[in-house]
Amino acid sequence: MRPGFNHSWRKFKNGGMISLSVLSVLVAVIPLFLIFFYTLSRGISSVNMDFFTRMPKPVGETGGGMANALAGTGILVGLGCLFGLPIGVMAGIYLAEFGNNRFGMVVRFMTDVMSGIPSIVIGVVAYILVVLPMGHFSALAGGVALALLMIPTVTRTTEEMLKLVPHAYREAALALGVQQWKASLRVILPAAMKGITTGLLLAIARAAGETAPLLFTALGNRFWSTSINEPIASLTVIIYDYAKAPFDDWNRQAWAAAFVLIALIFIVNLVFRYFAREKYGRI
Amino acid sequence: MTESSGRRAVVAGGRGETSLPPAGVTAGALRRNRTNPGDRAFRNITRLFAFLVLAIIAVMVWEMYRGSRPAIDEFGLSFLTSSEWDPVRDLYGALPFIYGTVVSSLIALAIALPLSLGTAIFLSELAPPWIERPVAFMVELLAAIPSIVYGLWGMFVLVPWLRSSVEPVISRNLGFIPLFRGAPYGFGMLAAGIILAIMILPIITSISRDVLRAIPGTQREAALAIGATRWESTRIILASGKSGFLGATLLGLGRAVGETMAVTMVIGNRPEISVSVFDPGYSMASVIANEFAEATTKMYTSALVEIALVLFGVTLMLNVLARLIVWSVTGKAGAA
């Protein structure tokens with residue numbers, strides 16, 4: 001008998017392949033636990049009040065915190081939202097409401113493609129568009145870079161969430177004689193608001209974790225700055241600088257910052273997950 | 001006039017009740033109300049923003065092309081084939097970076113592809129829902145971890161481990177293969193490939209899952225009904241999802257090619273082409289990250305912008321190709 005038709009061989013092969021599949025899941029998930037474990041064990045001991053309230057110490061001195069970088073990340077992400085959210089949300093509304101045509105397909109396709117553009121390339125573009133004309137690095141340039149990064153995610157999130165609103169809502173509104181644009185803005189959008197907000201939170205959390213596009217736009221700053229016209233520190237760039245530095249104390253602080261970043265992103269993801277399950281069962 | 005036409009439109013919409021629009025009704029589908037000024041304004045304003053998204057992409061391409069013009073004019077095609085990168089003499093050839101990007105991405109794919117497929121099969125074919133959900137969530141979380149954290153972990157945990165435990169063992173046993181020869185630095189192509197593999201695993205997995213889900217359940221049932229084992233029915237399904245997996249792979253490759261921080265922190269940043277995967281290398285994204293802020297001459301900046309343009313072109317092609325394939329298979333975009 002050919003081995004392929006032998007019953008016990010087939011069962012053996014079946015078991016083997018299923019075990020391989022299970023094994024690959026384990027191998028795939030192990031890095032997640034390793035990364036969580038290391039950021040937790042190396043980072044948490046250095047997260048204290050100083051970390052949040054103090055400024056970086058001069059080179060060679062131990063201690064200090066990252067107050068300026070926390071504020072900087074906040075400002076950069078805020079600027080990113082300021083430029084990115086309106087464009088992304090409005091484009092998303094268009095796609096959900098009027099996007100069933102060729103133009104809509106093109107926009108949808110291009111936003112998907114745009115989300116695949118490497119973040120470092122986005123940084124180069126922001127450098128050309130903002131840093132070169134201004135003549136110096138600035139928080140503004142970093143904000144533009146983050147906005148460019150957020151637009152595709154925001155657009156698609158808005159669209160997806162709007163499409164989840166039951167059609168009965170629109171039909172009911174139209175049946176009452178409400179104009180379409182009012183139905184869209186006053187009925188559909190509010191109904192999807194919670195979903196959109198959490199989706200946006202996810203996009204914002206992702207932007208907060210970006211490093212590459214900030215390296216040569218916001219640059220970094222060891223001092224307190226809130227001006228959008230000056231280079232500004234950020235949590236991610238400071239992790240990079242501190243990780244490369246040959247000082248144990250700086251390495252320690254890099255882990256602390258990584259822990260804060262991971263904690264932030266983990267919480268946002270859990271919130272999103274919880275919300276998504278509560279409202280729509282499963283996404 | 002506007003008032004009356006608005007009312008007429010609503011009435012027309014009301015009369016249209018006899019032929020209710022299909023379930024997928026959107027504002028755009030109800031064309032009758034187009035004449036209403038409020039609706040027209042709403043439509044046009046949102047369309048303007050949708051158009052803006054396209055315009056932004058066009059501006060990005062144009063600005064990068066303009067920025068890299070000096071380097072393109074000066075070096076032409078030799079930019080891609082020369083391995084001389086010497087800012088002091090203003091000579092720029094990007095081959096070592098292209099090589100590093102290609103090799104590290106291929107290592108990543110070699111590791112990530114079987115793992116992702118195995119995970120996707122497990123999630124969509126084998127696991128009961130109570131296992132599927134938490135595992136799928138964990139894989140998604142892997143995608144949410146910032147690149148810089150991967151880099152930090154790679155630098156302080158993965159690289160020392162490779163240097164002390166993995167690379168010496170491999171080179172002792174498989175050192176006759178040139179790929180595995182050389183001093184175990186830790187920092188190098190292998191480290192970059194492994195980090196990249198972890199990072200692209202979620203996207204390949206999630207899109208492969210979409211592909212598997214899109215295959216009708218009747219195929220499974222038919223196979224099981226004629227006495228196929230679980231694996232045999234899965235194999236049939238895998239065969240019909242082939243092109244979808246190709247799309248997933250290309251998307252993963254696009255990610256790997258453009259990944260910056262994690263790679264920069266573990267690849268060793270040395271612009272050399274060497275056969276061994278243990279040796280340090282450099283990638284296109286890394287050289288931009290490291291040198292862009294310090295590029296002093298105009299040609300230097302221009303050369304780096306050209307690398308960004310090449311990177312953009314490559315990822316654009318990979319993405320367009322992959323999305324087209326995935327769209328045609330699953331009927332929806334694989335939102336990342």
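I232(A) has its place in the loop between helix 8 (180–208) and helix 9 (235–244) of chain A, where helices (H or I, at least four residues) and strands (E, at least two) are DSSP runs numbered from the N terminus. This is a predicted model, in which local features need pLDDT of at least 70 and side-chain atom pairs count only at pLDDT 80 or more, while totals for chains, interfaces and linings use all residues. Residues are numbered from 1 along each chain as its sequence is written, and chains are lettered from A and ligands numbered from 1 in the order in which they are written.

I232(A) counts as buried because it has 33 C-beta neighbours inside 10 Å; a residue is buried if 20 or more other C-beta atoms lie within 10 Å of its own, exposed if 12 or fewer, and partly exposed in between, with C-beta atoms placed from the backbone. Leaving aside neighbours within four places in sequence, the contacts of I232(A) include G72(A), I75(A), A139(A) and N221(A), two residues being in contact if their C-beta atoms, placed from the backbone, lie within 7 Å.

Chain B itself has 13 helices and two strands, and buried residues make up 48% of its 336 residues. Within chain B, helix 7 (residues 189–214) has 26 residues and reaches 36 Å from its first C-alpha to its last, close to the 38 Å expected at 1.5 Å a residue, the expected span being 1.5 Å times one less than the number of residues. Because 24 of the 26 residues of helix 7 of chain B are buried, this helix is largely enclosed by the rest of the structure.

The largest nonpolar core has 182 residues, and those with the most contacts inside it are I195(B) and V266(B); such a core is a set of buried Ala, Val, Leu, Ile, Met, Phe, Trp, Tyr and Cys residues joined through C-beta atoms within 7 Å. Helix 7 of chain B gives the most to this core, with 17 residues.
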